[in-house]
Amino acid sequence: MNFDFTSLLYRFTSAVEAGDGRALSDLFTPDGVYDDTFYGVFVGRAAIIDMLENRFWSDAEAFQWDMCEPVFDSVRDLGYSRWVFSYSSTMEGSSGKRVVFSGMSQFSLRDGLIVSYREVFSAGLALVQLEMAPARIDKILQRLLEKHKKDPEWSQHLRFGEE
């Protein structure tokens, strides 16, 4: 299959930047999964539209997302890219603050469509830029930690030295 992963990344980031939920969801399989660090897991095109239009664009505006150094493994249908992401907050208490952070994304594909999207970045960097109260930051990071502890890939690491 002659697949242009860079083109997919461009359409993906452009849809997010424009707040176009339909354009974003059309890049996914009908049962595609978008696993967002802050908002959680969204399954299916309708849920992905809702996530972008009613979560992302409810809490922020002026998104910019630059994908860097993309890599695509056509045998496994897996793509990875390093990125820099930014937005201006519209949330109460942090409205107008510009938030910038970088991370990595993994795209699992089938027939040129995204089956699952997941990302890794330091959520704490974003939260500190929003000047959230330390107790709120702690609560959010504790919730993220609990989510990771349920990840099967973490289990052997959490048990290390207990055997």
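**View 1. Ser81 meets its partner across two strands.** In S5, Ser105 is the bridge partner of Ser81. The picture is a predicted model: local features need pLDDT of at least 70 and side-chain atom pairs count only at pLDDT 80 or more, while totals for chains, interfaces and linings use all residues. Residues are numbered from 1 along each chain as its sequence is written, and side-chain values use heavy atoms, leaving out hydrogens and water. S4 and strand S5 (residues 98–110) run antiparallel and share eleven bridges; two strands count as paired if DSSP finds at least two bridges between them. Strands here are DSSP runs of E with at least two residues, helices are runs of H or I with at least four, and both are numbered from the N terminus. Strand S4 (residues 78–89) is mostly covered, with nine of its twelve residues buried. Buried stands for under 20% relative accessible area, exposed for over 50%, and partly exposed for anything in between (1.4 Å probe, protein chains only).

**View 2. S3 and S4 make a hairpin.** Strand S3 (residues 60–73) pairs with S4 over ten bridges, again in the antiparallel sense. Look for Asp66, which stands opposite Val84 in S4. Four residues sit between the two strands of this hairpin, where Asp77 takes a positive phi near 55°.

**View 3. S1 has a neighbour on each side.** Strand S1 (residues 28–36) and strand S6 (residues 113–121) pair in the parallel sense over four bridges, and Tyr34 finds its bridge partner in S6 at Tyr117. With strand S2 (residues 40–43), S1 pairs in the antiparallel sense, over four bridges. Here Asp35 stands opposite Val41 in S2, and three residues lie between S1 and S2 in their hairpin.

**View 4. The strands line up in an open sheet.** Six strands take the order S2-S1-S6-S5-S4-S3, with mixed pairing. S2 and S3 are the edge strands, each pairing on one side only. On average, neighbouring strands of this sheet are turned by 20° against each other, direction ignored. Strands of a sheet pair through backbone hydrogen bonds, either parallel or antiparallel. H1 lies across S1, S3, S4, S5 and S6, running at about 170° to S3. Contact means heavy atoms within 4.5 Å; axes are lines fitted to C-alpha atoms, for helices over the stretch in contact, with angles running from 0 to 180 degrees between N-to-C directions.

View 5. The structure holds 29 aromatic pairs, and one of them joins Phe3 and Phe72, 5.0 Å centre to centre with 45° between the planes. Phe3 lies in the segment before helix H1 (5–18) and Phe72 in strand S3, so the pair ties together parts that are 69 residues apart in sequence. Phe3 is buried, at 18% relative accessible area, while Phe72 is partly exposed, at 25%. (Rings of Phe, Tyr and Trp, using the six-membered ring of Trp, pair if their centres lie within 6.5 Å; planes under 30 degrees apart are stacked, over 60 edge-to-face, and the rest tilted.)

**View 6. Zooming back out to the whole fold.** The protein has six helices and six strands, which follow the pattern α-α-β-β-α-β-β-β-β-α-α-α along the sequence. Of its 163 residues, 41% are buried. Its C-alpha atoms fill a box of roughly 50 × 50 × 30 Å, taken along the principal axes.
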